[in-house]
Amino acid sequence: MTFNISMHRTWWMENGPGCRVTPVTPPPSWAPEDHRYISIAGCLLEYQYVEVAHSSLQIILAVSNPLQGFSFLLLCL
């Protein structure tokens, strides 16, 4: 989870439900060379909500059955 406190983007920002990613060309001069500059539109939910729901599901599964939750967390790695 990033919540916009670093330069890194969350995976959910580009891959969320309904999101359409459009590369912006040419990238602005201030954009770092190792980053791609994109425009994102059409998301059904903002990525912050998807991140919170994803994390909540992982916590619920881990608490509901410790062995099953541990297996699930290992699969996510």
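Author: Start at the surface. Leu-44, Leu-45 and Tyr-49 make up a nonpolar patch there, with about 370 Å² of accessible area together. Patches take residues with over 30% relative accessible area and no salt bridge; like charges are joined within 9 Å, nonpolar side chains (Val, Leu, Ile, Met, Phe, Trp, Tyr) within 5 Å. A salt bridge is a side-chain nitrogen of Lys or Arg within 4 Å of a carboxyl oxygen of Asp or Glu. Areas come from the Shrake-Rupley method with a 1.4 Å probe, and for residues only the protein chains shown count as cover.

Reader: What should I know about the model itself?

Author: This is a predicted model: local features need pLDDT of at least 70, side-chain atom pairs count only at pLDDT 80 or more, and totals for chains, interfaces and linings use all residues. Residues are numbered from 1 along each chain as its sequence is written, and side-chain values use heavy atoms, leaving out hydrogens and water.

Reader: Where is Leu-45 found?

Author: In the loop between strand E2 (38-41) and H2. Helices (H or I, at least four residues) and strands (E, at least two) are DSSP runs, numbered from the N terminus.

Reader: Which residues of H2 are buried?

Author: Buried means under 20% relative accessible area, exposed over 50%, partly exposed in between (1.4 Å probe, protein chains only). In H2, Tyr-47, Val-50, Glu-51, Ser-55 and Gln-58 are buried. They cover an arc of only 130 degrees around the axis, so they lie on the same side of H2. That arc uses directions from the helix axis to the C-beta atoms.

Reader: Which residues are exposed on the other side of H2?

Author: Tyr-49, Ile-59, Ile-60, Val-63 and Ser-64. Leu-45 is partly exposed, at 46%.
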